[in-house]
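Me: I'd like to learn how to read a structure like this one. Could you take me through it feature by feature?

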Amino acid sequence: MQIQTKGDLYDAVIVGSGAGGGMAANILSKAGLSVAVLEAGGFYDPAQEAYRTQLRWPWESPRRGASTHRPFGDFDAAWGGWEIDGEPYTRQEGTRFDWFRSRMLGGRTNHWGRISLRFGPKDFKRKDQDGLGENWPVTYEEIAPYYDRVDKSIGVFGTHEGRENDPDGFFLPPPKPRLHELYVKRGGEKIGIPVIPNRLSILTRPVSSERGVCFYCNQCNRGCQAYADFSAGSCLVQPAMKRGQVDLYTDAMVREVTTDQTGQATGVIFIDKRDREEYLVRGRTVLLGASACESARILLNSRSPEHPDGLANSSGVVGRYLHDSTGADRMAVIPALLNRDRYNEDGVGGAHVYTPWWLDNATLDFPRGYHLEFWGGMSMPAYGFGGGMDTLRRYVRDEFGNLSPAGGYGAGLKRDIRAIYGATVGISGRGESVPQYENYCEIDPERIDQFGIPVLTFNYRWSEHELGQARHMQDTFEEMLTSMGGELVGEKAGADREYGLHAPGRIIHEVGTTRMGNDPATSVLNKFGQAHDCKNLFVVDAGSFVSQADKNPTWTILALSWRTSDYIVEQMKKGEL
Amino acid sequence: MDRREYVKLMLAGSVGAGLFLQSGCTAEDRRESEEILEATGADRGYTAIELERDQKLQEKTFFNRHERATVDQLADWIIPEDDRSPGAVEAGVPDFIDFMMLDMPDMQVPMRGGLMWLDNRSRDLFGAPFAGCTRDQQQEILDRIAWPDRVEPDWEYGMRFFNRMRDLVATGFFTSETGLKDLDYKGNQPNVWDGVPDEVLEKHGLAYDEKTLNESVQPGERGVRAEWTDSGELLRPRMVDNK
């Protein structure tokens, strides 16, 4: 059967335009390779008025920015979410996993928190420390030069702290802490919990002439007109397209990687969402950067006589070791912040301070750490603001120190909502989970999506390790919030509520489904992200992660994708590819 | 200043506090946007599918006339006019609530049922639906459902209904233009963050320590391209005046 072909034979066909795919497109095209980028969603550019949600007011949305359709609200840049019409997935009974997808140029880098933490030396060798999971086949020292390059070219603010497992980098100057963040800092000092400047990929100074600097609107999640924060579409794919050598295919839903009789990749087949036709794009190499789970899905759906269990899956571990960061949260009201003075406190699109993991797991009853993120301040009201006064109002005091009653109505209620604005502070713990063979995604034998592509089914359970960590988080939250003078809101989450742990997938750090390793029997990729079973096939998303660290994954995706791209160029020069 | 000029200035890092994106689009912007609109249907930050969905919702109304009259009265009971700002009705809150009922259909039954429950109770007590009661009678009913810590068991349906109504009215008011003005929200405009104002720090007994002051971004350097030493130390430009 004849299938329509699009474009020429490319040097590299890249699936996905997020952090991994975007970086590969940028580096490979710079090296002179011809590149095709396939994106399952539409074109998006926050600098163009038609797409702009930045600097809009809440009343410009009829639902005031509520999350009816976009999970983080109308103004958030993400097109997609945990549920997408026509693109279902399933969960095996008694297990949970919520799968977030952004169908758009730049993928999930359009609305991420811009938290850009390097993994540390210990993060690459966790098995050596606690005997759990597996070590990475690379060391921090091997990846560090790529972190350096990512820092300098994309930009991240931060400070030199000299911490053993939180390596410093090439930092831009951070913004000064906001008022509640000074309370957090002082609270932390009292109880020995470090609070240091955050490390966010937001330009407080320029790193190139193509991108502007931050103008402090607190809305990075809406996409930046000045490109002052990192998103892969604006900072990697579009600049590469301007230089030439890159063809972008949007609305291109990739179904499978095609292979020849020798088992080598020859290209990909995609469905154009607009005309619902199938097309083939041919490449000398194929790079998957579709997200850990989507890339696993494509591999598992790429069955052939040479690869009967799916491409690059002779080990049987494609889809296995799926893991997400852990997450739990708590909130307090700071009485000293009631009826605050008003000024523009927007700042950058995220917290100005954070707490890196500060304890030694060898002395604790759970194996992996977590970091703390802080929220609060006088940010722009959106849907939900002013709500919850049936419980929250009892934390409000008048000038004589008298507590208000819960609930109510009228002028007193109106006054108390004004009073509490900017007086709540919250902490989120985000931690490392232990990758498990038993936590996986695989192809659902019964379900297909609207493009006829078999869908994923998930099987994921938190283990005692994550529960122990979340229990510790809850204690930390209370200690920290109390230490800064806060009055805790709500009940502490106990064992019956899994210590407030969010469902797997909710932190949107899915990693591990095509992990790298030296042994082809227990890993999918080698240490350059190259498939053991198929040498012209690479994975450049977080599927390659052996373990997730108590950090956010983006900076490591970028560094690893750059390293893989360099390797491809080198191998092509040598005639190996 | 047109938007294009403005974006250029943002790129150059020279936009200071006070400059604001209010001048609207240039002809070129409009043409560019129209092309995108035609090709993809996206506009105002919404995708074509989202625009179509919202347009359909906005063509409908949820409340009947009697329900709407009751919602209007409840809205002004919850957020009345005071010396600082108008009440919820003037701020357009009932229209917002009507839209939300269509937008989040799960809220329809509790809302509609709650309004009817309220009328039933009003008739039992005062022989008229809530909207037909006197202010004193209305207040008597509200006082039995508005204070969660002292609600009698038989009135808990009303408390739940009123909690929802309070949430909707409060959020509708404080996310309106009137509400943001009332809150004295100062943000959502380009500016240069240089920390908490000194007088505020003083009130809270706080100060930036030396380390923070030295390492934080200085407003005057924000247009200067970053360079580092080989060991990663950021080169700081010599500042004549940081303020």
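Predicted model: local features only at pLDDT ≥ 70, side-chain atom pairs only at ≥ 80, totals over all residues.

Me: Let's begin with chain B. How many helices and strands does chain B have?

Reply: Chain B has 11 helices and 0 strands, and from the N terminus on its elements read α-α-α-α-α-α-α-α-α-α-α. Of the 243 residues in chain B, 31% are buried. Among contacts in chain B between residues at least 6 apart in sequence, 49% join residues at least 24 apart.

Me: How many residues of helix 5 of chain B are buried?

Reply: To judge a helix, count its buried residues and then look for what covers them. In helix 5 of chain B, 8 of the 11 residues are buried, so the helix is mostly covered, a residue being buried if 20 or more other C-beta atoms lie within 10 Å of its own. The buried ones are B:V93, B:P94, B:F96, B:I97, B:D98, B:F99, B:M100 and B:M101. Their cover includes helix 3, helix 4, helix 6 (108-126) and helix 8 of chain B.

Me: Now the two chains together. How many residues of chain B are in contact with chain A?

Reply: For an interface, count both sides, then ask which elements contribute and what kinds of residue they bring. Here 77 residues of chain B are in contact with 78 residues of chain A. Several helices of chain B each supply at least two residues to that side, among them helix 1 (3-12), helix 2 (27-40) and helix 9 (177-183). Helix 8 of chain B gives the largest share, 7 residues. By class, the side of chain B that touches chain A has 40 nonpolar, 19 polar and 18 charged residues.

Me: Which residues have the most contacts inside the largest nonpolar core?

Reply: The largest nonpolar core has 127 residues, and A:I14, A:A25, A:V35, A:V37 and A:L38 have the most contacts inside it. Helix 10 (residues 554-573) of chain A gives the most to this core, 7 residues. There is also a second, separate core of 81 residues, which includes A:L182, A:F385, B:A91 and B:I97. To see one member's surroundings, take A:A25: leaving aside neighbours within four places in sequence, its contacts are A:I14, A:V35, A:V37, A:L236, A:V237, A:A240 and A:V246.

Me: At what angle do helix 1 and helix 10 of chain A pack?

Reply: For a helix pair, read the angle, the distance and the handedness. Helix 1 (residues 19-30) and helix 10 of chain A pack at about 35°, with their axes 8 Å apart, and the crossing is right-handed. On the helix 1 side of chain A, the contact is made by A:A19, A:G20, A:M23, A:A24, A:I27 and A:L28. An α-helix has 3.6 residues a turn, so residues three or four places apart point the same way. By class, this contact has 10 nonpolar, 5 polar and 1 charged residues.

Me: In what order do the 6 strands of the open sheet in chain A run?

Reply: The order in chain A is 7-13-14-15-12-18, with antiparallel pairing. Strand 7 (196-197) and strand 18 (487-489) of chain A are at the edges with a single partner strand each, so one side of each lacks a neighbour in the sheet. Strand 7 of chain A is joined to strand 13 (residues 353-355) by 2 bridges, with A:P197 partnered by A:V353. Helix 9 (residues 464-483) of chain A lies across strands 12, 14, 15 and 18 of chain A, at about 20° to strand 12.

Conventions
Residues numbered from 1 in each chain as written. Chains lettered and ligands numbered in written order. Core = buried A, V, L, I, M, F, W, Y, C linked by C-beta atoms within 7 Å. Buried ≥ 20, exposed ≤ 12 C-beta atoms within 10 Å, placed from the backbone. Helix = DSSP H or I, 4+ residues; strand = E, 2+ residues; numbered from the N terminus. Contact = placed C-beta atoms within 7 Å. Nonpolar A, V, L, I, M, F, W, Y, C, P; charged D, E, K, R; others polar. Axes fitted to C-alpha atoms, helices over the stretch in contact; angles between N-to-C directions. Left-handed = near helix turned anticlockwise from the far one by under 90°. Pairing = 2+ DSSP bridges.
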